[in-house]
Each structure stands twice: as C-alpha cells, then as structure tokens.
Amino acid sequence: MESITTFRDWDVDSYEAIQLRYNAALKLITTRIEILNEELQEEHRYNPIEHVKGRIKTPESIVKKLRRHGVESTLDNMIEYCNDIAGIRIICSFTSDIYKIAEMISAQNDITVLSVKDYIVNPKPSGYKSYHMIVTVPVYLSNRCDQVKVEIQIRTVAMDFWASLEHKINYKFEGNAPDRISLELVECSEMVSQLDAKMLDLNNEIQALSEQSGNP
Ligand code: 0O2
C-alpha cells in the first residue's frame, strides 16, 4: 500500500525546491501584513491585527487532501490542487478589521486574488466562520519569478477560539462528534457572532466618546 507521505514522482530535490518557494511566499506575505499593521499603528494609533500565524502544510496532510480531491499524489497535482500548502492566519480584534485587511491585501499590485470564501456571511454548516482568500505572490528566484499560492484565513479572536476548539473536538472524535456536541458547537458559533457584534458596538462607542473629548 502507498505510504501516506509518498508522492508517486517523489524526488527529494524537486520537493525541496517546491517547499522553498512556498516558504518564501509565506515570508513575503507575513512581512507585508506586518508592515500594514505597523503603518496603521504609526498613522492611526490602531493595531487591527492581534497576531499572525503561518505554517507550511505537512506532506501527510497534502497527500490526504489530494486523496479527498480524488487525484494521484504527484508533485504536479500538489501544486495544482493544494491551495493551502502555504497558509497564513490573521487574527483581528473586530469583524470590520477583517474586511479592511482583506481590502488592503487585495490592493497590493503584485498580489493576485484567485478566490475568496466568506464564511462570515455564509458560515459552514458546522458553524465555522472565517474569511478565506487564495492569492498568488511573486517569488523571485535567481533566473525567474514564480507566482506562488498562499491561503489567507482572516478571523476575529472569538472566531479563532471557536475554530481551534471545534478542530480539537473533531480530531478527538475523528470527524464523527456526537450530534449533541455538534449542535452545541453551532449554538456557540452563534454566540461568537453576538459577542463579536457587541464588542464592535462597544468599540465604536468608545471611539466616538474619545473623539468628542478630543482625545482620539
Ligand atoms: P488544515 O489542517 O487546517 O490545513 P480546499 O482547501 O479548497 O481543498 P475547502 O474545504 O473547500 O478545501 O477549503 P476551505 O473551505 O477554504 O477550508 C480550508 C481550511 O479552512 C481548512 O483546512 C481548515 O483550516 C479551515 N476549515 C474549514 N472548515 C472548517 C471547519 O468546519 N472547522 C474548522 N475548525 N476549520 C475549518 P484543512 O486543509 O481542512 O485543514
């Protein structure tokens, strides 16, 4: 039987060359996001980003995803079908920040947005909420420039808390959590939306008050 981490055309050199590009893409997008956050802090005394986490998908997860897509585990299929080999998660304070950040990323000339999935407007049946973008970024090598895909997930602290707990529960039950637990998770996801809305209202109120008192 094919081992879970085996690519049909496995060649360590080619795999490492591919990983180098994804690593470079991850560094590039991470730096761009850090710069945006620093600029907003400098110019508006406002940090919309709580934290940023980046990761490169493990070969095991890549092979699992290719199986889910029903394609052979080859390096070409990995590049074509696996959009999240390089993945970055941006955790924001408020829902409104998510859309501001997404807009600022999309406005960068050399970043191409391939697709967007807004699971905040249309949550998954599980209750999952997050804003996903698949983008390409240019990676300059010694003799050429490659456009490399990166998945960007943007969500609030509350959405992230829900997603990490749900992920742990699903891992524990191998995707077959008891119905009652799944139902409660959907209810918690609604509470997350209420909490996010309440926090945003409070923040807007606080800002309006500070502006009135001339102390923004
Ligand atoms: P991991 O381990 O996080 O990498 P595609 O990526 O397009 O082939 P899909 O499902 O259409 O597959 O992409 P989508 O919906 O944009 O989701 C991709 C990622 O979002 C997942 O990656 C998870 O990180 C996250 N996600 C999606 N749905 C859920 C959910 O119901 N609960 C939680 N906790 N996270 C979710 P991977 O590759 O599945 O996993």
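The protein has six helices and five strands, counted as DSSP runs (H or I of at least four residues for helices, E of at least two for strands) and numbered from the N terminus. Along the sequence the order is α-β-α-α-β-α-β-β-β-α-α, and the C-alpha trace spans about 65 × 50 × 20 Å along its principal axes.

A word on the numbers: this is a predicted model, where local features need pLDDT of at least 70 and side-chain atom pairs count only at pLDDT 80 or more, while totals for chains, interfaces and linings use all residues. Residues are numbered from 1 along each chain as its sequence is written, and side-chain values use heavy atoms, with hydrogens and water left out.

Now for the ligand. 18 residues surround the ligand, and the closest are Lys57, Lys65, Lys117, Tyr119 and Glu166 (a residue is near if one of its heavy atoms lies within 4 Å). By class, that shell has three nonpolar, five polar and 10 charged residues, with Asp, Glu, Lys and Arg counting as charged. Here are some polar contacts, meaning pairs of N or O atoms within 3.5 Å:

| Side chain | Ligand atom | Distance |
|---|---|---|
| Glu166 | nitrogen | 2.7 Å |
| Lys124 | oxygen | 3.0 Å |
| Arg55 | oxygen | 3.1 Å |

On its own the ligand has 750 Å² of accessible area, and the protein covers 73% of that (Shrake-Rupley method, 1.4 Å probe). Helix 2 (59-68), strand 5 (145-156) and helix 5 (157-172) are the elements that give two or more residues to the shell. Helix 5 gives the most, with three residues.

Tyr99 and Tyr131 make an edge-to-face pair, 5.4 Å centre to centre with 75° between the planes. Tyr99 lies in helix 4 (residues 95-106) and Tyr131 in strand 4 (residues 131-140), so this pair ties together parts that are 32 residues apart in sequence.

Key:
A polar contact is a pair of N or O atoms within 3.5 Å; within protein, one must be able to donate a hydrogen and the other to accept it, and residues adjacent in sequence count only if both atoms are side-chain atoms. Rings of Phe, Tyr and Trp (its six-membered ring) pair if their centres lie within 6.5 Å; planes under 30 degrees apart count as stacked, over 60 as edge-to-face and the rest as tilted.
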